[in-house]
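The sequence and structure come next.

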Amino acid sequence: MIADTMKTAPRTSPGLPRQLRASRLARNGSLAGWAFAAPALIVYLAFLVYPALTSLSLSFTSWNGISPAKTYVGFQNYVNLVHDSVVQTAARNNLIWALVTIAVPMALGLALAMAVNTRVYLRSLIRTVLYMPAVLPLVGVGTIWGWLYQPAGVINNLLTDVGLGSVTHAWLGDSTTAIWAITVPAIWVRTGFPMLLYLAALQGIPAEYYEAARTDGASAWQRFRHITFPSLRATHYIVLALSLIDTAKVFDLVYAMTDGGPGNSTQVMGTWMYFNVFQSYNFGYGTAIAVVITLVAVIVGIPYVRSQARQLV
Amino acid sequence: MTAIPVPRTDYAARAQTRRRSKALAATAVLVLIAVFWASPVLILVGTAVKTAADFDAHGASSLPHSLTFANFKAAWNVGQFGTAFVNSGLITLVKVPTGVFLAALLAYSLAKLKINLRRSILFLMLLGLTVPIFIAVVPVFTMLRQVGLIDNIWGLLPPYLAFGLPFEVLILTGFFKRIPHEVIESARIDGASELNIFLRIVLPLSLPVLITVAVLDAVATWNELVVALVLLSSPGHRTVPLALLNFQGQFTTDFPALCAGILIALLPILVAYGFLQRWIVSGLTAGAVKG
């Protein structure tokens with residue numbers, strides 16, 4: 001409510017001469033501005049920017065994390081990376097992850113939002129339940145689903161019960177199904193967010209549009225195609241941008257459910273970096289992997305960052 | 001109603017009945033979907049209260065034929081969840097207010113104060129939204145090793161603060177920009193210092209958005225895995241995700257106890273979600289739709 005009042009409040013002060021305002025601002029100067037900004041900036045520079053640049057420089061060494069000498073090896077880590085078959089698997093898995101855990105939650109989220117947006121009872125309770133998985137720690141989600149996926153677990157038992165006994169499978173133990181099996185809990189977790197955003201956007205579409213279309217004899221599909229879907233363009237963009245940024249960060253579910261196995265078949269860039277650094281002590285090589293994921297994530301994210309920054313300045 | 005033969009009313013009443021039954025049908029379908037969606041957690045609860053014999057006889061997806069809390073007791077003793085709750089609680093209680101306050105100071109500066117390089121600072125800060133924490137873990141690990149903060153929950157604080165800032169600054173800058181200049185300007189004319197204006201006027205005005213940001217930040221902090229995994233090692237210093245990972249490895253056959261342990265670990269966040277979901281929902285929609 002406060003925000004609403006503010007939005008409608010007049011922009012310029014009628015009582016105060018422009019000159020005076022300007023001079024006061026100048027006198028308070030940019031000193032206060034920097035004093036307010038400094039604490040957060042120092043923390044950010046010291047623990048995000050500086051470590052990121054340090055990682056970049058470590059990625060050109062063969063450091064093992066312990067020895068005082070950090071031998072410069074040029075681009076050797078990056079050359080090795082291209083020839084590392086696990087990196088190829090990991091890159092493929094990151095791509096599968098991006099496609100599946102963005103497209104499916106967006107489509108499901110939109111469908112659920114449209115269903116919840118009709119005339120129903122218990123709307124907020126239903127919305128609360130559908131978003132619930134998103135607040136759980138991913139380790140918890142992975143532990144639950146790892147148990148459901150057990151060879152004699154709930155999922156296989158249910159398949160047998162409905163006569164699909166031939167489909168039962170060691171879902172996480174088979175390298176051909178494991179990464180796909182991990183995307184299912186990811187979809188479970190990630191559907192709530194687009195649902196909430198789509199629901200908020202749907203509630204903003206004027207009902208008159210639909211009434212007019214109905215009067216003109218538009219079918220349900222035509223109404224969706226020409227009114228609903230185009231009205232959600234801004235939401236599609238935001239959901240897509242935030243999901244793309246998030247997808248490079250995949251780690252927890254894979255680590256909790258398969259630990260990268262069987263036979264490295266479910267490694268993603270994040271877990272493979274972790275294994276190289278903290279289990280094989282290849283700090284140089286591990287940071288090179290981190291540099292690659294980060295570059296991809298930042299480049300993909302820049303259009304979104306720019307659009308946000310433009311709106312805020 | 002049929003006793004009064006007025007066709008129009010009858011028609012209206014029937015239309016209303018039809019609408020109502022349509023809404024009921026839609027509700028029924030959505031409730032089924034919601035139950036299906038919640039089923040992993042419901043099965044977890046159902047299994048956690050079963051005796052081992054009941055589980056062996058009827059499996060996980062049947063309704064419990066028995067009711068026991070022994071699984072929770074066993075899981076609690078092995079999982080050391082009490083310690084993990086204290087650790088996660090401490091770090092969340094310190095990190096969230098500190099992070100939100102630092103972010104608010106910066107966001108206020110960017111939104112309302114005179115500062116050069118405003119554009120560049122904002123861009124650099126928001127770029128952090130895209131940066132995976134993997135890029136920082138190795139140097140953070142070596143930095144903290146030098147000062148002896150490895151395997152200490154307070155070692156989590158600096159990276160958590162730094163990586164939390166971009167999102168907080170994004171939301172708060174957007175909100176502060178909408179505060180009318182007049183509010184701040186008139187306080188300046190009354191001789192209030194910049195810090196006093198911020199603390200006494202801007203922060204109280206922004207309470208709802210501050211709570212929203214804090215709640216979202218608390219969920220992220222409580223659930224964080226990568227940094228905790230890298231920095232913490234001894235059992236007494238585990239956070240909730242680490243305790244759960246460790247617990248999972250110890251109960252590979254006793255499924256009712258495994259489920260009880262998972263449930264214990266998830267309980268605080270589920271309860272908190274029940275109470276705070278309105279802030280979460282409004283925060284996510286506000287943050288994203290506005291942007």
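Asp151(B) is partly exposed, because 14 other C-beta atoms lie within 10 Å of its own. The scale is this: 20 or more such atoms means buried, 12 or fewer means exposed, and partly exposed lies in between, with C-beta atoms placed from the backbone. Asp151(B) sits in the loop between α6 (134-146) and α7 (157-177) of chain B. Its phi is near 60°, a positive value in a residue other than glycine.

The model is predicted: local features need pLDDT of at least 70, side-chain atom pairs count only at pLDDT 80 or more, and totals for chains, interfaces and linings use all residues. Residues are numbered from 1 along each chain as its sequence is written, while chains are lettered from A and ligands numbered from 1 in the order in which they are written.

Asn264(A) is partly exposed, because 18 other C-beta atoms lie within 10 Å. Its place is the loop between α13 and α14 of chain A. Pro262(A) is also found in the loop between α13 (252-257) and α14 (269-278). The peptide bond from Gly261(A) to Pro262(A) is cis, with omega near -5°. Most residues other than glycine have a negative phi, and most peptide bonds are trans.

| Site | Backbone angle |
|---|---|
| Asp151(B) | phi near 60° |
| Gly261(A) to Pro262(A) | omega near -5° |

Now the fold of chain A. It holds 15 helices and zero strands. Helices (H or I, at least four residues) and strands (E, at least two) are DSSP runs, numbered from the N terminus. The C-alpha trace spans about 70 × 65 × 30 Å along its principal axes. The radius of gyration of chain A is 26 Å, whereas a compact globule of 313 residues would have one near 20 Å. That radius is taken over C-alpha atoms, and the globule rule is 2.2 Å times the number of residues to the power 0.38. Buried residues make up 42% of the 313.

One helix pair deserves a look. The axes of α4(A) (residues 85-116) and α12(A) (residues 233-247) come within 10 Å and cross at roughly 145°. Axes are lines fitted to C-alpha atoms, for helices over the stretch in contact, and angles run from 0 to 180 degrees between N-to-C directions. Trp97(A) and Ile102(A) are among the α4(A) residues in the contact, and Val239(A) and Leu244(A) are among those of α12(A). Contact requires C-beta atoms, placed from the backbone, within 7 Å.

Definitions and conventions
Two residues are in contact if their C-beta atoms, placed from the backbone, lie within 7 Å.
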